[in-house]
Amino acid sequence: MRLAARPSGLPAPTDWELTAEPVSEPADGRLLVEVSHISLDPAMRGWMNDVRSYIPPVRIGEVMRAGAIGRVLASRHPDFAVGDHVFGRFGVQEYAETDGEGVRRVDLGIAPPETHLGVLGATGLTAYFGLFDIGRPQPGQTVLVSGAAGAVGSVVGQLAKLEGCRAVGIAGGPDKCRTLTEEFGFDAAVDYKNDDVPAALRKHCPDGVDVFFDNVGGTILDAALTRLARGARVIVCGAISQYNNTEPAPGPSNYLSLLVNRASMTGMVVFDYADRYPEATAELAGWLADGRLRAREDVVEGDVTAFPETLLRLFTGANTGKLVLRIR
């Protein structure tokens, strides 16, 4: 699936082009991967825009960038053998030929492919480094999470509980809010679709918010800024409410709360922690194995033609947990 045009607002079917090419044997130092599971992430929307960012935009005519898992079909690379299951930035396609850069083996004996894309992949790593390195939560503190029923947010809340914190999640709809408290162990949930969010935050965060892990931006960010405790840390992980705006997004109107409360707001990109992925993955895998961390995936069955419609689930709030497209 190739990017045919830069979207204005939500991506449309005309923004994509499906092409077919013959699959060839890999050259020396390369391997051929049969892709089976494709990760769908809110960040993809930003990668489609021709703007300066932490990563170059996907070019027009280029295969859409995506993390994926597949099986090695042919290899002339010394580090990979036929039959290995691997993760890489293979893109939205059925087969990928690569030189092996950024490719790593995944152990399907530990967890299924979708979990390696979620809790044991970039999703879990984002939650881990964002919360622990930037948020620096302490036992007894209050951690507020927006987009809490999404892939990253649902992990953040669980990690906060492991750290002995009070976890409060913001999600859309009563079903998602029940999932937060009953499945993921959040202490409280705020339904932004039906609750008065500022009032609910006053109720559930009476002593203020020590750590705010923001995946949403917009009015939710503004409401959270009014509840910061002294010395609070705000992690800017994403702003999914703003990604499809056709006009420039307004900045937070309550930013002076950072000054009043001697708080900080820091952006985070998981790629900055690449040299520490193994340590974090080992801890996440241990918590997953002993049941202290739960994985939740929203798996859509289809082929690459299902990608455009499946991607939109992220922006309509249709998914709970990690969204994955399984094409085999």
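How exposed is Asp187, by relative accessibility? Asp187 counts as partly exposed, at 35%. Buried means under 20% relative accessible area, exposed over 50%, and partly exposed in between (1.4 Å probe, protein chains only).

Before moving on, some ground rules. This is a predicted model, in which local features need pLDDT of at least 70 and side-chain atom pairs count only at pLDDT 80 or more, while totals for chains, interfaces and linings use all residues. Residues are numbered from 1 along each chain as its sequence is written, and side-chain values use heavy atoms, leaving out hydrogens and water.

**Stop 1: Asp187 and Lys161**

Select both residues. Their side chains meet in a salt bridge, 2.9 Å from N to O. A salt bridge is a side-chain nitrogen of Lys or Arg within 4 Å of a carboxyl oxygen of Asp or Glu. By this rule the count comes to 17. Lys161 is partly exposed too, at 31% relative accessibility.

**Stop 2: Glu34 and its partners**

Select Glu34, Arg71 and Arg328. Salt bridges that share partners join these three into one network. Arg71 and Glu34 have their closest N and O atoms 3.5 Å apart. For Arg328 and Glu34, the gap is 3.7 Å. Glu34 is buried, at 17%. Arg71 is partly exposed at 32%, and Arg328 is partly exposed at 38%.

**Stop 3: the two domains**

Colour domain 1 (2–112 + 296–327) and domain 2 (122–271). These bounds come from an automatic or database domain assignment. The C-alpha centres of the two domains lie 28 Å apart. Across the boundary, 19 residues of domain 1 are in contact with 14 residues of domain 2. Contact means heavy atoms within 4.5 Å.

The area buried between the domains is about 1400 Å², and carbon and sulfur atoms give 59% of it. Buried area is the accessible area (1.4 Å probe) that two parts lose on being put together, summed over both. Now pick Tyr54, Arg296 and Thr320. They supply 30% of the area that domain 1 buries against domain 2, more than any other three residues.

Between the domains, the salt bridge count is one.

**Stop 4: Asp210**

Finish at Asp210. Is this residue buried or exposed? Asp210 is buried, yet has no salt bridge. The nearest side chain of opposite charge, Arg233, is 5.2 Å away. Show Thr142 as well: the side chain of Asp210 reaches the backbone nitrogen of Thr142 at 2.8 Å. Asp210 also touches other residues, including Gln141 and Ala229.

Definitions and conventions: Lys, Arg positive; Asp, Glu negative; His and termini not counted. Polar contact = N/O pair within 3.5 Å; in protein donor to acceptor, adjacent residues only side chain to side chain. Lists of a residue's contacts leave out its neighbours within four places in sequence.
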